[in-house]
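Here are my notes on the model you sent. They go point by point, with the cut-offs given as each term comes up.

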Amino acid sequence: MADRQSPPEVDRVAASRRAVAARRERASLKRDVSTRVISPQELLRRALAEPASAAGAMRVTEFLTSIPAIGEGKRDRILADLGISPVKRLAGLGARQRVALQEFLDRRWPEIAPRASRSRLVVLAGPTAVGKGTVAAHIKQRHPEIHLSVSATTRQPRPGEIDGVHYFFVDDAQFDRLIDSGALLEHATVHNRHRYGTPREPIDRALSEGKTVLLEIDLQGARQVRAAEPAATLVFLLPPSWDELVQRLVGRGTEGEEERARRLRTARVELSAQGEFDYRVVNDEVDRAADEVVSLAR
Ligand code: 5GP
């Protein structure tokens, strides 16, 4: 007869595998906060939205020490000030403790609050390889009522890309003319290589027809749009984790080794700008992320 006291061997093995996977996931999240891939607020949001997730299971002590500039001494003082017991897990925080922790984080690492009045001009930015293009293409297919801007670029078309549909492919002299004539709402050199820019006229036309306009552009471009059109809605697309972002970049296989390293360096810098955006959307699943962007656009 089976021993009733201890679970069968297979269950124990499965449980210990699950525990190792959960620990690994928590370690990866902590690394993402310490390297500023995600903000502490973003991790707390994930923990509260999904209490059973790795974020939810994280101890408040681990959470705080993953934040740059918080060591163990500071951590203990913060917890005492906020009235939070060190054994608490993020998902287990009481309502008042959540608010206290959130307010503490917002004081230390301010994220801008979404503006009350926003225009229908929506900018989707985010680090390289996060899947901005896929999310934008998904929105274009499912929501023909949303006008997706077609950019001009000096880079060569990739296989399957059509001039006028994916980009307007132009040479350097043509791009210079677009800038000089004021035809671009914003423009930037991306990854230190090719130039990209947003033609202004189709956007003005679509907005005047009452349409929502979506721009899928890089961070420098997003900042220029903010300066030119302060009421624009800025959405930052986040990877579920840094490891996932690296996977996506390697998996795409369209860039060589050197180009990949260059893009990863850019991605790190770009991720640290997420606090400048009105909204952050995690691209865990394309359908879901696209729906969230559309709902923000409305
Ligand atoms: P790709 O060459 O892979 O199509 O795009 C490279 C990067 O250029 C992406 O991050 C994309 O968001 C960005 N990009 C595409 N169009 C524009 C644009 O009109 N303006 C700016 N600033 N960036 C763009």
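1. Which residues does His143 touch, not counting residues up to four places away in sequence? His143 touches Val294 and Arg298. Contact here means heavy atoms within 4.5 Å. His143 sits in the loop between helix H6 (132-142) and strand E2 (146-148). Its relative accessible area is 16%, so His143 is buried. Buried means under 20% relative accessible area, exposed means over 50%, and partly exposed is in between (1.4 Å probe, protein chains only).

2. Some ground rules. This is a predicted model: local features need pLDDT of at least 70, side-chain atom pairs count only at pLDDT 80 or more, and totals for chains, interfaces and linings use all residues. Residues are numbered from 1 along each chain as its sequence is written, and side-chain values use heavy atoms, with hydrogens and water left out. Helices (H or I, at least four residues) and strands (E, at least two) are DSSP runs, numbered from the N terminus.

3. Next, a helix pair. The axes of helix H4 (residues 72-82) and helix H5 (residues 95-108) come within 10 Å and cross at roughly 130°. That angle makes H4 oblique to H5. The classes are: under 35 degrees roughly parallel, over 145 roughly antiparallel, 65 to 115 roughly perpendicular, and the rest oblique. Axes are lines fitted to C-alpha atoms, for helices over the stretch in contact, and angles run from 0 to 180 degrees between N-to-C directions.

4. What makes the contact of H4 and H5? H4 supplies Lys74, Ile78 and Leu82, while H5 supplies Ala100, Leu101, Phe104 and Arg108. By class, five of the contact residues are nonpolar, none is polar and two are charged. Ala, Val, Leu, Ile, Met, Phe, Trp, Tyr, Cys and Pro count as nonpolar; Asp, Glu, Lys and Arg as charged; the others, Gly among them, as polar.

5. Now an open sheet. Its four strands have the order E4-E3-E6-E5, with mixed pairing. Strands E4 (167-169) and E5 (184-190) are the edges, each pairing on one side only. Two strands pair if DSSP finds at least two bridges between them. Neighbouring strands of this sheet are turned by 25° against each other on average, direction ignored. E5 and strand E6 (residues 194-199) run antiparallel and are joined by six bridges. His187 stands opposite Gly197 in E6.

6. Two helices lie across this sheet's strands. Helix H7 (residues 172-180) lies across strand E3 (151-153), E5 and E6, at about 40° to E6. Helix H8 (residues 200-208) lies across E5 and E6, at about 30° to E6.

7. Thr153 lies in E3 and, at 0% relative accessibility, counts as buried. Beyond four places in sequence, Thr153 touches Tyr167, Phe168, Phe169, Val170, Phe175, His194, Arg195 and Tyr196. The C-alpha atoms of Thr153 and Gln174 are separated by 9.8 Å, with the two residues 21 apart along the chain.

8. Last, strand E8 (residues 233-238). Is E8 mostly covered or uncovered? E8 is mostly covered: six of its six residues are buried. Thr233, Val235 and Leu237 are buried on one side, and Leu234, Phe236 and Leu238 on the other. Strand E1 (residues 121-125) runs parallel to E8, joined by four bridges. Leu124 has Val235 in E8 as its bridge partner. E8 also pairs with strand E9 (residues 279-282), in the parallel sense over four bridges. There, Leu238 is partnered by Val282 in E9.
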